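Hi,

Here is the structure I said I would pass on. Have a look at it first, and then read my notes below.

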Amino acid sequence: MLCTKPRDGNAAEEAPRLTLYYLAVGTDLVPMHGETTGIAGLLFGPAVGGSRNAFTRHWMLIHRPDGTRIGTRVTQDLPYAYAREAVLWLAGRDLDWNRPAEQVRRDPRAKDLQTELHGAFMAAQGLTLAEPLFYARTSWLPAPPPWRIWQSDRPAGDAFATFEAAAAEADLHEPDPDLTVRRDDASPGWTLRCAAPLCGDGSPAWLTVDDDTPLHGARDALTADACVLDWARASRQHWLCPDCVRDHQR
Ligand SMILES: [Zn+2]
């Protein structure tokens, strides 16, 4: 499994826009709309096939340099999540796609990258679990120490995730000079988050039961919870939430 990360400030974060191009399919030129990817010369678009060039429900990346309307495919047909990940995967590798098709075709590095990307996709499609092309983060994180209301020199009642929540609770009582809000010294254990690069659009899912507060505790206990809640273990460091497991099925 490849682990990579786009460089900071990559142009892949520019607002996308739709662009007309003509896809060469056999002897036909099929008019299509593709979305800009932030990588000059590469578009993201629907895959078409069959005698009527109908939408296959898969997606692909298209090479269409500035100054031409003809597009040629860069990837095979891919499920949506993989095609989106392929953009990030290519953004992290330094290749100028904004060149005429003939130049890109003759560039051995472009060919190598396409072969490598295909290999990464085949490797990601495991027998028991379809994984992302790469992972964006490790899944295990220590839970932050909680906040508590203290009365005199003893903690009173529940733990709170934020100072504000504990302070708001403390204000419900009569003003009391003995009440203070303090943070615990130690983490209460581990939390688990999804490692897929596009999970939650930048805010990945946490293992939780019915609210936004991540479950925390010992790793063994969280592992058991994760299995019950349909999370999938990809490796020691990487877990996938149920949505990302589903998104990577072919
Ligand atoms: Zn996820």
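Predicted model: local features only at pLDDT ≥ 70, side-chain atom pairs only at ≥ 80, totals over all residues.

Let's start with the barrel. Five strands form a closed barrel in the order β1-β2-β3-β4-β5, and their pairing is mixed. From one strand to the next, the twist averages 50°. E35 has F44 in β3 as its bridge partner.

Next, find helix α1, residues 80-91. This helix lies across β3 and β4 (54-63), and its angle to β4 is about 0°.

That brings us to the packing. As a general point, nonpolar side chains in soluble globular proteins tend to be buried together. Here the largest nonpolar core has 46 residues, and the ones touching the most other members are L61, A86 and L240. Two or more residues come from each of β1 (18-25), β3, β4, α1, α3 (108-124), β10 (190-192), α5 (219-228) and β12 (239-240). Which element gives the most? That is α1, with nine residues. The core lies between domain 1 (11-124) and domain 3 (188-247), because both of them give residues to it.

Ignoring neighbours within four places in sequence, L61 is in contact with L42, F44, V74, T75, A83, A86 and V87.

Most residues other than glycine have a negative phi. R57 is not a glycine, yet its phi is positive, at about 75°. This residue is found in strand β4. Is R57 buried or exposed? R57 has 10 other C-beta atoms within 10 Å, so it is exposed, the cut-off for that being 12 or fewer.

D201 is another non-glycine with a positive phi, in this case about 55°. Where does D201 lie? Look in the loop between β10 and α5. D201 also counts as exposed, because it has 6 C-beta neighbours inside 10 Å.

That's the lot from my side.

Cheers

Technical notes. Residues numbered from 1 in each chain as written. Pairing = 2+ DSSP bridges. Helix = DSSP H or I, 4+ residues; strand = E, 2+ residues; numbered from the N terminus. Axes fitted to C-alpha atoms, helices over the stretch in contact; angles between N-to-C directions. Contact = placed C-beta atoms within 7 Å. Core = buried A, V, L, I, M, F, W, Y, C linked by C-beta atoms within 7 Å. Buried ≥ 20, exposed ≤ 12 C-beta atoms within 10 Å, placed from the backbone. Domains from an automatic or database assignment.
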